[in-house]
Amino acid sequence: MTYQHFKVSIEDGVGKVVIDNPPANALNSKVIQELDSVLNELATDSSIRAIIFTGAGNFFIAGADIREIIKISSSKEGEELARHGHSILGRIEQMDKPVIAAING
């Protein structure tokens, strides 16, 4: 599958996921949604035995996208964004396959 913010490759049973959201690989709603799809793809592919996450450029992941956070207009909206992000990170933590963060920057 092709993604806008991720480059996914598989070699010798290892899925490599490169986040590519310049300039600092910040996580916004679109990136988080796309990450959910990436995780679905990798979790269901029985040929993948391990997953490596890394970042394009000089950064791994900058964290939450401040440009999106400043546009939040209610505490409910902020809570929903935070819960969705935490849910995705929880999925990574609970994956049946080993997940490695190759941190750069």
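Q: What does Arg 67 form a salt bridge with, and how far apart are the closest N and O atoms?
A: Arg 67 pairs with Asp 65, and the closest N and O atoms are 3.2 Å apart. A salt bridge here is a side-chain nitrogen of Lys or Arg within 4 Å of a carboxyl oxygen of Asp or Glu. This is a predicted model, where local features need pLDDT of at least 70 and side-chain atom pairs count only at pLDDT 80 or more, while totals for chains, interfaces and linings use all residues. Residues are numbered from 1 along each chain as its sequence is written, and side-chain values use heavy atoms, without hydrogens or water.

Q: Is Asp 65 buried or exposed?
A: Asp 65 is buried, at a relative accessible area of 6%. Buried is under 20% relative accessible area, exposed is over 50%, and partly exposed is in between (1.4 Å probe, protein chains only).

Q: How many salt bridges are there in the whole structure?
A: The search finds four. Among them is the contact between the side chains of Arg 91 and Asp 36, at 2.2 Å from N to O. That pair links distant parts of the chain, with Arg 91 in helix H3 (residues 75–93), Asp 36 in helix H1 (residues 29–44) and 55 residues separating them. Helices (H or I, at least four residues) and strands (E, at least two) are DSSP runs numbered from the N terminus.

Q: Nice. Is Asp 36 buried or exposed? And what about Arg 91?
A: Asp 36 is buried, with 18% relative accessible area. Arg 91 counts as partly exposed, at 29%.

Q: Which residue does Arg 83 meet in a salt bridge?
A: The partner is Glu 79, with 3.8 Å from N to O. Both residues sit in helix H3, four residues apart, which is about one turn of the helix. Arg 83 is exposed, with 59% relative accessibility, while Glu 79 is partly exposed at 41%.

Q: On to the strands. How many bridges join E1 to E2, and which way do they run?
A: Strand E1 (residues 6–11) and strand E2 (residues 14–19) run antiparallel and are joined by six bridges. Strands count as paired if DSSP finds at least two bridges between them. In this pairing, Ser 9 of the chain stands opposite Lys 16 in E2.

Q: Which residue takes a positive phi in the hairpin of E1 and E2?
A: Asp 12 does, with phi near 50°, in a hairpin that has two residues between the strands.

Q: And how does E2 run against E4?
A: E2 and strand E4 (residues 50–55) run parallel, again with six bridges joining them. Gly 15 stands opposite Ile 51 in E4.

Q: Which residues have the most contacts inside the largest nonpolar core?
A: Phe 6, Val 17, Leu 35, Leu 39, Ile 51 and Phe 53 have the most, in a core of 18 residues. Such a core is a set of buried Ala, Val, Leu, Ile, Met, Phe, Trp, Tyr and Cys residues joined through side-chain atoms within 4.5 Å. The elements E2, H1, E4 and H3 each supply at least two residues of this core, and H1 gives the largest share, six residues.

Q: Changing topic: how much space lies in the largest pocket?
A: About 220 Å³. Of the 16 lining residues, Leu 27, Ala 64, Leu 81, Ala 82 and Gly 85 are the closest to its centre. On a 1 Å grid, a pocket is an open set of points where a 1.4 Å probe fits, with protein on both sides within 12 Å along at least five of seven lines, and lining residues have an atom within 4 Å of a point. The volume is the space filled by probe spheres set on the points.

Q: Which elements give two or more residues to the lining of that largest pocket?
A: H1, strand E5 (63–64), helix H2 (66–69) and H3 do. H3 gives the largest share of the largest pocket's lining, six residues.

Q: What about the second largest pocket, which residues lie nearest its centre?
A: Phe 53, Phe 60, Ile 61, Leu 89 and Ile 92 lie nearest, among 14 lining residues. The space in the second largest pocket is about 170 Å³. E2, E4, H3 and strand E6 (99–102) each supply at least two residues of its lining, and the largest share, three residues, comes from E6.

Q: Last one: where does Met 1 lie?
A: Met 1 lies in the segment before E1 and is exposed, with a relative accessible area of 73%. The C-alpha atoms of Met 1 and Phe 59 are separated by 24 Å, with the two residues 58 apart along the chain.
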